[in-house]
Amino acid sequence: MKLYVSPRAPNPRRVQMFLVEKAIEGLELVNIDLNAQEHKQSAYLAKSPLARVPALELDDGRVLTETRAICTYLEGLHPEPNLMGRNAQERAFIEMADRRMEWYLMLPLANAIRHTHPGLAPLEQPQFPDFGQSQLVKAKETAVWLDAELQRQPWVAGDRFTIADITAFCTVEFGKLMRFKPADAGLHALQAWRDQVAARPSAAA
């Protein structure tokens, strides 16, 4: 199988962290240069028609292009260590936490970066700075909520490390482009959690 990724992009990093956490080896990594617009070239569009990374090309030629779908497939192939839930109830609560991180933290923060950071201008045309700033406010609101959650539980989805922590961590790290550091905003539980995840080997993925 081939995994198409892009350095520094948060969604490919989520899958790469997932691979390391599960000790999955043997996938061929193919880097897609977003700045060079490789993701919009016909060769890649044939695999990922919406021009998104990551993408997982299966041995039979079919391609999975959504981060959560890729991780679900890999979890099915390699059930342990479990990162997505051991039964229906746990799976549902972990997915809820992961979706919250995707929709209410990652998406608004990514929109803020895309629409306000000059380095992202070639990839986001046109940029709408006012929209970006409004999205940053929403992302920070979610970060405040998450900080409160982490004051009463050790991990994003509860009492153990899961895919939700991977999504949240990659988002917080991506936020460095906006000079976002939880401790600077008084979010000390979020900062302590971030530092704990950063010490895991998968954080270097």
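User: In which loop does Arg179 lie, and is Arg179 buried or exposed?
Analyst: In this predicted model, Arg179 lies in the loop between α6 (163-174) and α7 (188-198). Arg179 has a positive phi of about 60 degrees although it is not a glycine. Its relative accessible area is 76%. Since exposed means over 50%, Arg179 is exposed.

User: What is the phi of Ala23, a residue other than glycine?
Analyst: Ala23 belongs to the loop between α1 (10-21) and β2 (28-31). With 62% relative accessibility, Ala23 counts as exposed. Its phi is positive, near 55 degrees.

User: Which class of aromatic pair do the rings of Trp155 and Phe161 form?
Analyst: The model contains two aromatic pairs. In the pair of Trp155 and Phe161, the ring centres are 5.5 Å apart and the planes stand at 85 degrees. Planes over 60 degrees apart count as edge-to-face, so the pair of Trp155 and Phe161 is edge-to-face.

User: Are Trp155 and Phe161 buried or exposed?
Analyst: The cut-off for buried is under 20% relative accessible area. Trp155 has 10% relative accessibility, and Phe161 has a relative accessible area of 8%. Trp155 therefore counts as buried, and Phe161 is likewise buried.

User: Where does the charged end of Arg200 sit, and what is the distance to the ring centre?
Analyst: Phe161, the ring partner of Trp155, also has a charge over its ring. The charged end of Arg200 sits over the ring of Phe161, and the distance to the ring centre is 3.7 Å.

User: Which backbone oxygen lies 2.9 Å from a polar atom of the side chain of Ser48?
Analyst: Ser48 is located in the loop between α2 (42-45) and β3 (55-57). With a relative accessible area of 2%, Ser48 is buried. A polar atom of its side chain lies 2.9 Å from the backbone oxygen of Arg52.

User: What is the omega of the cis peptide bond from Val53 to Pro54, and of the one from Glu80 to Pro81?
Analyst: Pro54 is in the loop between α2 and β3, whereas Pro81 is in the loop between α3 (67-77) and α4. For the cis bond from Val53 to Pro54, omega is near 5 degrees. For the cis bond from Glu80 to Pro81, omega is near -5 degrees.

User: What is the area of the nonpolar surface patch made by Trp103, Tyr104 and Leu107?
Analyst: Leu107 is part of helix α4 (residues 88-116). At 34% relative accessibility, Leu107 counts as partly exposed. Together with Trp103 and Tyr104, Leu107 makes a nonpolar surface patch of about 350 Å².

Terms used. Residues numbered from 1 in each chain as written. Predicted model: local features only at pLDDT ≥ 70, side-chain atom pairs only at ≥ 80, totals over all residues. Heavy atoms only, no water. Helix = DSSP H or I, 4+ residues; strand = E, 2+ residues; numbered from the N terminus. Buried < 20%, exposed > 50% of the residue type's maximum accessible area, 1.4 Å probe, protein only. Polar contact = N/O pair within 3.5 Å; in protein donor to acceptor, adjacent residues only side chain to side chain. Phe/Tyr/Trp six-rings, centres within 6.5 Å; stacked < 30°, edge-to-face > 60°. Lys NZ or Arg CZ within 6 Å of the ring centre and 35° of its normal. Patch = residues over 30% accessible without salt bridge, like charges linked within 9 Å, V, L, I, M, F, W, Y side chains within 5 Å. Areas by Shrake-Rupley, 256 points an atom, 1.4 Å probe, with all protein chains shown as cover. Salt bridge = Lys/Arg side-chain N within 4 Å of Asp/Glu carboxyl O.
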